[in-house]
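This report covers cavities, aromatic contacts and a surface patch. Please keep the model open while reading.

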Amino acid sequence: MSLIGPSGLSAGAVLLFDAFIAIAALILMITRLRLHPFIALIVASGLLGLLAGMPLPGIVQSFQDGFGGVMGFVGIVLGLGTMLGRLMAESGGADCIAQTLIRAFGKSRVHWAMTLAAFLVGIPLFFEIGFVLLIPLVFIVARRSGMPLFKIGMPMLASLSVMHGLVPPHPGPMLAIEAFGADIGKTIFFGLIVGLPCMIIAGPLFGSFVARHVAPAPSDALLSQLAPPLPPTPSGGNRPGFGVTLITVLLPVLLMLLRTLGDILLPEDAALRHLIDFLGNPIAALLAALLLALHTFGLARGFSREQLLKLLDQSLAPTAAIVLIIGAGGGFKQMLVNSGVGNAIGMLAVQARISPLLLAWLVAGLIRVATGSATVATITGAGIVAPLAAMTPGVSRELLVLATGAGSLVFSHVNDAGFWMVKEYFNMSIGQTFKTWSAMETIISVTAIAIIMVLGIFV
């Protein structure tokens with residue numbers, strides 16, 4: 001039971017009021033009081049728990065569970081990805097890829113190359129993994145081409161986000177497929193039809209527009225680590241070629257694609273499938289790429305073992321604060337989930353009598369805004385809407401999956417760990433992050449549901 005809230009409102013409405021107060025307090029602490037985001041997120045999480053009437057031990061446990069849940073995956077991924085990015089930058093591999101893309105597409109169209117690269121990387125990889133693999137490339141391509149940073153960065157963010165939210169084998173769409181009883185092949189087909197226009201509109205087109213109004217400047221420490229002006233190598237120019245660099249960076253992609261194929265083609269109890277599942281685990285795949293990079297980007301380039309150890313040790317320092325802030329964002333998200341805000345929003349949306357496709361988008365979108373998690377929004381939204389959809393004949397189950405995924409991408413804000421990742425890596429204010437990242441996510445979501453509703457006429 002909420003401790004504070006306007007009288008005369010339903011329990012769900014009071015929970016929404018409590019969440020609004022907590023989010024407003026969080027923004028105020030960071031923008032006006034200049035409190036560090038890590039501390040502000042912890043304070044806002046505790047405030048929400050108190051307002052929602054959660055037991056005191058439960059408040060601490062909920063934040064701890066959310067923080068640990070994010071750090072248990074994202075923390076490891078960021079650590080391994082940061083080390084890999086540092087080796088790629090220091091060896092000159094990232095610069096090699098940047099120059100190759102610029103030569104192939106031309107400076108004026110290199111942002112389209114980034115769209116394609118992120119689309120391919122985003123097929124098997126989680127958003128966070130694709131982000132840490134491609135962010136060094138974004139910085140270096142922007143520097144080499146002379147383009148505004150967000151004209152290069154926005155296509156990367158849009159492509160990864162679309163693939164994560166709409167296209168299997170990502171966890172949200174896969175769980176929605178199971179909930180709605182949809183066909184995976186048709187979902188992938190329709191997902192690409194819906195996703196590709198979304199990538200173009202929210203990526204290169206919106207990126208070109210927003211780059212004229214927002215010009216982020218990443219921290220010197222991060223730039224010197226991921227995009228050094230002249231990548232040094234002890235052997236004086238012994239830099240990795242394009243092929244070697246590409247194989248090293250795409251090794252996690254290949255291992256995860258292999259895992260997906262193994263899950264489809266091999267029986268569950270097959271020993272080979274267990275091995276492939278292990279190697280294709282995101283953490284194991286990134287570790288394998290890092291171990292390979294120690295040779296291709298390190299020893300083969302003339303770096304000594306002592307130099308490599310120093311590089312890897314130094315690589316973690318600039319991202320330490322980022323990792324803590326992302327973890328705290330996960331704790332705040334979990335507080336919203338455990339307080340019941342997500343379920344309250346879902347049930348309020350179900351009361352509206354609208355098209356099942358639009359309802360799936362609305363329910364998932366409201367849960368996303370409340371909880372900050374695209375996966376939680378997809379899973380919860382599908383669970384709420386699936387029984388209603390079963391009673392509505394003639395509605396495409398595949399489009400319901402996509403409508404739910406589209407809703408799960410809408411308006412990422414301060415309760416989303418991805419919001420803080422983008423904010424900190426691009427070194428933006430909260431206002432700038434709303435204008436860029438949050439706006440991009442909303443453009444993807446609205447564009448997707450518009451296309452889905454049109455498809456629903458014919459499918």
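## Cavities

The structure holds two cavities of 30 Å³ or more. A cavity is a set of points, on a 1 Å grid over the protein atoms alone, where a 1.4 Å probe fits but cannot get out. Lining residues have an atom within 4 Å of a point. Helices are DSSP runs (H or I, at least four residues), numbered from the N terminus.

This is a predicted model: local features need pLDDT of at least 70, side-chain atom pairs need 80 or more, and totals for chains, interfaces and linings use all residues. Residues are numbered from 1 along each chain as its sequence is written, and side-chain values use heavy atoms, without hydrogens or water.

## Aromatic contacts

The whole structure contains 12 aromatic pairs. Phe 127 and Phe 131 form a tilted one, 6.1 Å centre to centre with 35 degrees between the planes. Rings of Phe, Tyr and Trp (its six-membered ring) pair if their centres lie within 6.5 Å; planes under 30 degrees apart are stacked, over 60 edge-to-face, the rest tilted.

Phe 127 and Phe 131 are about one helical turn apart because they sit four residues apart in helix 6 (residues 127-145). Both are buried (under 20% relative accessible area, 1.4 Å probe, protein chains only). With Tyr 425 and Trp 437, they form one aromatic cluster.

## Partly exposed Ile 200

Ile 200 lies in helix 9. Its relative accessibility is 36%, so it counts as partly exposed (between 20% and 50%).

Terms used. Helices (H or I, at least four residues) and strands (E, at least two) are DSSP runs, numbered from the N terminus. On a 1 Å grid over the protein atoms alone, a cavity is a set of points where a 1.4 Å probe fits but cannot get out, and a pocket is an open set with protein on both sides within 12 Å along at least five of seven lines; lining residues have an atom within 4 Å of a point. Grid points are joined across faces, edges and corners, and a volume is the space filled by probe spheres set on the points.
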